[in-house]
Amino acid sequence: MTEPLFVSANQTYSGSWANAFPEARILVGLPKDFTAFQFGILVLDLTGVNKSEFVEWLDRATATNKPVVALSPTPNDEEGLALIQLGAKGYGHSHCAPHRL
């Protein structure tokens with residue numbers, strides 16, 4: 001299986017998922033094109049991403065035709081439903097315990 005690709009808006013990304021998936025590749029900042037990367041699942045850490053930017057992040061991510069999971073520092077039902085409607089396959093807390101990821 002191909003390793004996960006984690007994308008964070010800034011360098012203060014959660015160490016939880018880095019610990020949960022030590023083989024994962026971590027990118028800081030949303031790349032314009034994901035074709036240079038091989039991955040099985042794309043995880044977006046939306047910490048520091050303005051709500052107005054969610055659409056751009058999800059559009060680029062879902063264009064990969066790979067499963068996308070969005071992580072939020074302050075998850076709530078409204079945000080989760082919006083992200084799922086935009087194409088995310090999963091949604092969770094960006095600072096959850098590694099064994100929950």
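Which residues of the largest nonpolar core touch the most other members?

**Entry 1: the model.** I noted that this is a predicted model, in which local features need pLDDT of at least 70 and side-chain atom pairs count only at pLDDT 80 or more, while totals for chains, interfaces and linings use all residues. Residues are numbered from 1 along each chain as its sequence is written, and side-chain values use heavy atoms, with hydrogens and water left out.

**Entry 2: the largest core.** I looked up the nonpolar core (buried Ala, Val, Leu, Ile, Met, Phe, Trp, Tyr and Cys residues joined through side-chain atoms within 4.5 Å); buried means under 20% relative accessible area with a 1.4 Å probe, protein chains only. The largest one has 19 residues, and Leu5, Val7, Phe34, Leu42, Leu44 and Leu46 touch the most other members. At least two core residues come from each of β1 (5–8), β3 (42–45), α2 (54–62) and β4 (68–72). Here helices (H or I, at least four residues) and strands (E, at least two) are DSSP runs, numbered from the N terminus. I found that α2 gives the largest share, four residues.

**Entry 3: Phe34.** I then listed the contacts (heavy atoms within 4.5 Å) of Phe34. Leaving aside neighbours within four places in sequence, Phe34 meets Leu5, Val7, Phe39, Leu42, Arg60, Ala61 and Thr64.

**Entry 4: the second core.** I found a second, separate core of five residues, among them Trp17, Ala24, Val43 and Leu71.

**Entry 5: the whole chain.** I counted three helices and five strands, in the order β-α-β-β-α-β-α-β. Of the 101 residues in the chain, 39% are buried. The C-alpha trace spans about 30 × 30 × 25 Å along its principal axes.

Technical notes. Buried < 20%, exposed > 50% of the residue type's maximum accessible area, 1.4 Å probe, protein only.
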